Amino acid sequence: QVQLVESGGGLVQAGGSLELACAASVSVHTFTWYVGAWFRQAPGKELEFVAAVSGSGVDTSYVDSVKGRFTISRDNAENMVYLRMNSLQPEDTAVYYCAARHIGTSNNWLARSFNYWGRGTQVTVSS
């Protein structure tokens, strides 16, 4: 029902910025019916929730480690979700995944509550 494709990853120096983009193809309902989120997985670590945005784009949520540095947003007219990452640090190095789930599915940010996933994009921050 939803296909997700990430773009925008790359190599950046510490203190730099990147913006990730997630393009969604939706076959049932409109994109506003889906919560959008970003997760990341660093080498040897578990998948971690990073940020989420409500279907309307009004409400957002972040993991504490990125608050004040990352901003999640969406453009429902273009079926896009973005993650603007500022003041990047080496510990932000990971594969970043876009995810989506139908609104009302869950009230937590566990990865297993998300039905749809992209293939990921690598972000590498050098010190």
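The side chains of Glu48 and Arg40 are joined by a salt bridge, with N and O 2.7 Å apart; the term denotes a side-chain nitrogen of Lys or Arg within 4 Å of a carboxyl oxygen of Asp or Glu. The model is predicted, so local features need pLDDT of at least 70 and side-chain atom pairs count only at pLDDT 80 or more, while totals for chains, interfaces and linings use all residues. Residues are numbered from 1 along each chain as its sequence is written, and side-chain values use heavy atoms, with hydrogens and water left out.

Arg40 also forms a salt bridge with Asp92, where the closest N and O atoms are 2.9 Å apart. Asp92 lies in the loop between E8 and E9 and Arg40 in strand E4, so this pair ties together parts 52 residues apart in sequence. Strands (E, at least two residues) and helices (H or I, at least four) are DSSP runs numbered from the N terminus. Arg40 counts as buried because its relative accessibility is 6%, whereas Glu48, at 30%, counts as partly exposed. Buried means under 20% relative accessible area, exposed over 50%, and partly exposed in between (1.4 Å probe, protein chains only). Arg40, Glu48, Arg69 and Asp92 are linked in a network of salt bridges.

The largest nonpolar core has 37 residues, and Trp38, Leu83, Met85 and Tyr96 have the most contacts inside it. Such a core is a set of buried Ala, Val, Leu, Ile, Met, Phe, Trp, Tyr and Cys residues joined through side-chain atoms within 4.5 Å. Beyond its neighbours within four places in sequence, Leu83 is in contact (heavy atoms within 4.5 Å) with residues including Leu18, Trp38, Phe70 and Tyr96.
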